[in-house]
Amino acid sequence: IVFKDRQISYDNLNQSANQVAHGLTKLDVQPQDRILFLDVNNDRFYEVAIGSSRIGAVIVPIHAKFVLNEILPIIQDSQAKVLFIGRVFYTAIGEQLQALLGDTFTIICTDEQYEIWRDHQSINPNDYQQDTREICLQLYTSGTTGVSKGVELCSLSLFHTALDAKQNHGLSPLAQFHSEDHVLLSLPHAHIAGSLAGLFALYLG
């Protein structure tokens, strides 16, 4: 992964994901609990998404253009315990969220605060065995016809679609991905194409 001046190898990503998994466990995150991510596209999303999956938790990316009254229903509906948030978003709404949700709701900024939190955790893998039918990603609609609605996706259905397209030369752009390609991702992680394209590209190497 390349993001601005950061370059993350697969080994680094694996280590960071393990650290995120251990850190979330210390925050009493249980399998199938929801983990929120509110930020512009960046490399931290993949560390948090993969780390969450390693303890059976579900990553819930929130669209970066959503405002507070659109974000609150998502937090309440998902019953999430933890929010990873970009510094610019925390400056705008972080204190309001903390006041509304109380001290039992953990907010971690994705800047130096995240790095300090992550780097205090063990790099060793955990022993959780994920069922491919468990939910691993939850996306929310734009809410143009009312309150945003959550869509739950399991890893089996998520990657089966991409693998099927690739193996059968389907029309999906994912069918054109190869291990030597570079993928420039502009779609938001909160969009199915954005989250799936990034994760599938990593899967292919």
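# A first look around this model

The model is predicted, so local features need pLDDT of at least 70 and side-chain atom pairs count only at pLDDT 80 or more, while totals for chains, interfaces and linings use all residues. Residues are numbered from 1 along each chain as its sequence is written, and side-chain values use heavy atoms, with hydrogens and water left out.

Now for strand β3, which covers residues 34-38. Helices (H or I, at least four residues) and strands (E, at least two) are DSSP runs, numbered from the N terminus. β3 is mostly covered, with 5 of its 5 residues buried. R34, L36 and L38 point one way, while I35 and F37 point the other way.

Which strands pair with β3? One is β4 (residues 58-62), which runs parallel to β3 over 5 bridges; the other is β5 (residues 82-85), also in the parallel sense, over 4 bridges. Strands pair here if DSSP finds at least two bridges between them. Down at the residue level, F37 has P61 of β4 as its bridge partner, and L36 has L83 of β5.

Between β3 and β4 comes helix α2 (residues 44-53), and together they make a right-handed β-α-β unit. Right-handed means that, with the strands pointing away from you, the path from the first strand over the helix to the second runs clockwise.

## Salt bridges

The structure holds 11 salt bridges, each one a side-chain nitrogen of Lys or Arg within 4 Å of a carboxyl oxygen of Asp or Glu. Take D28 and K81, whose closest N and O atoms are 3.9 Å apart. This pair links distant parts of the chain, 53 residues apart: D28 sits in the loop between α1 (10-26) and β3, and K81 in the loop between α3 (68-78) and β5.

E115, our opening residue, has a salt bridge too: its side chain meets that of R44 at 2.3 Å, N to O. R44 lies in α2 and E115 in α5 (residues 112-119), so this pair ties together parts that are 71 residues apart in sequence. R133 and D131 also meet in a salt bridge, at 3.2 Å from N to O.

| Residue | Relative accessibility | Class |
|---|---|---|
| D28 | 46% | partly exposed |
| K81 | 27% | partly exposed |
| R44 | 4% | buried |
| R133 | 63% | exposed |
| D131 | 30% | partly exposed |

Some salt bridges share partners, and they join R6, D43, R44, E47, E115, R118 and D119 into one network.

## The nonpolar cores

Next, the inside. A nonpolar core is a set of buried Ala, Val, Leu, Ile, Met, Phe, Trp, Tyr and Cys residues joined through side-chain atoms within 4.5 Å. The largest one has 32 residues, and L24, I35, I59 and F84 have the most contacts inside it. Elements giving two or more residues to this core are α1, β3, α2, β5, α5, β7 (135-140) and α7 (192-204). The largest share, 6 residues, comes from α7.

What does I35 touch? Leaving out residues up to four places away in sequence, its contacts (heavy atoms within 4.5 Å) include L24, V48, I59 and F84.

## Helix α7

α7 has 13 residues and reaches 18 Å from its first C-alpha to its last, close to the 18 Å expected at 1.5 Å a residue; the expected span is 1.5 Å times one less than the number of residues. Its buried residues include L196, L199, F200 and L202. G205 follows α7 and has a positive phi, near 85°.

K4 is not a glycine, yet its phi is positive, about 50°. K4 sits in the loop between β1 (2-3) and β2 (6-7) and counts as exposed because its relative accessibility is 72%. Q32 has a positive phi as well, near 75°. You'll find Q32 in the loop between α1 and β3, partly exposed at 25% relative accessibility.

Terms used: Buried < 20%, exposed > 50% of the residue type's maximum accessible area, 1.4 Å probe, protein only.
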